[in-house]
Amino acid sequence: MAYETIDGQKYEKELLDLARKHTTGQGEGKLSKDEVADLLKSAQDGTSVTDTEKATLGYIRKNFEFTEAAAKDFDTAFDKL
């Protein structure tokens with residue numbers, strides 16, 4: 001598994017890359033409900049969500065823009081992890 005270090009914290013590169021991919025190019029630059037579902041599915045690819053994956057999702061929530069509906073979905077799902 002590849003990692004990316006930002007400000008001394010280790011994050012999962014795959015999740016960061018997915019968030020970046022979804023917020024660049026065409027569109028409004030915000031994560032949508034479908035894109036949030038992709039992120040959460042990627043984080044849940046193993047037997048459980050690791051601490052690094054949780055930290056990465058937290059970083060994404062703080063540093064990327066979300067549509068209002070996507071933010072609600074993300075927050076609800078994140079609280080259950």
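Rings of Phe, Tyr and Trp (its six-membered ring) pair if their centres lie within 6.5 Å; planes under 30 degrees apart count as stacked, over 60 as edge-to-face and the rest as tilted. With that in hand, welcome to the close-ups. This is a predicted model, in which local features need pLDDT of at least 70 and side-chain atom pairs count only at pLDDT 80 or more, while totals for chains, interfaces and linings use all residues. Residues are numbered from 1 along each chain as its sequence is written, and side-chain values use heavy atoms, with hydrogens and water left out.

**Figure 1. Ring pairs link Phe66, Phe74 and Phe78 into a cluster.** Searching the whole structure turns up three aromatic pairs.

**Figure 2. Tyrosine 11 and tyrosine 59 form an aromatic pair.** A pair of aromatic rings is described by the distance of the centres and the angle of the planes. Here the ring centres of tyrosine 11 and tyrosine 59 are 4.7 Å apart and the planes stand at 40°, so the pair is tilted. Because tyrosine 11 lies in strand 2 and tyrosine 59 in helix 3, the pair ties together parts that are 48 residues apart in sequence. Helices (H or I, at least four residues) and strands (E, at least two) are DSSP runs, numbered from the N terminus. Both tyrosine 11 and tyrosine 59 are buried; that label means under 20% relative accessible area, with exposed over 50% and partly exposed in between (1.4 Å probe, protein chains only).

**Figure 3. Aspartate 7 sits in the loop between strand 1 (3-6) and strand 2 (9-12).** Most residues other than glycine have a negative phi. Aspartate 7, although not a glycine, has a positive phi of about 50°. With a relative accessible area of 83%, aspartate 7 is exposed. Also worth a look is lysine 10, which lies over the face of tyrosine 3 at 4.3 Å from the ring centre.

**Figure 4. Helix 1 (residues 13-23) meets helix 2 (residues 33-43), with axes that come within 10 Å.** The axes cross at roughly 170°, so the two helices are roughly antiparallel to each other. On the scale used, angles under 35 degrees count as roughly parallel, over 145 as roughly antiparallel, 65 to 115 as roughly perpendicular and the rest as oblique. Axes are lines fitted to C-alpha atoms, for helices over the stretch in contact, and angles run from 0 to 180 degrees between N-to-C directions. Glu14, Leu15, Leu18, Ala19 and His22 of helix 1 touch Glu35, Asp38, Leu39, Ser42 and Ala43 of helix 2, where contact means heavy atoms within 4.5 Å. By class, this contact has five nonpolar, two polar and three charged residues. Ala, Val, Leu, Ile, Met, Phe, Trp, Tyr, Cys and Pro count as nonpolar, Asp, Glu, Lys and Arg as charged, and the others, Gly among them, as polar.

**Figure 5. Histidine 22 and lysine 21 are shown in helix 1.** Histidine 22 counts as buried at 13% relative accessibility, while lysine 21 counts as exposed at 59%. Leaving aside neighbours within four places in sequence, histidine 22 is in contact with Lys30, Leu31, Glu35 and Asp38. The C-alpha atoms of lysine 21 and leucine 31, ten residues apart along the chain, are separated by 9.9 Å.

Figure 6. Alanine 43 is buried, at 0% relative accessibility. Serine 48 is found in the loop between helix 2 and helix 3 (51-63) and counts as partly exposed, at 46% relative accessibility. With the sequence neighbours up to four places away again set aside, serine 48 touches Ala43 and Glu53.

Note on methods:
Lys NZ or Arg CZ within 6 Å of the ring centre and 35° of its normal.
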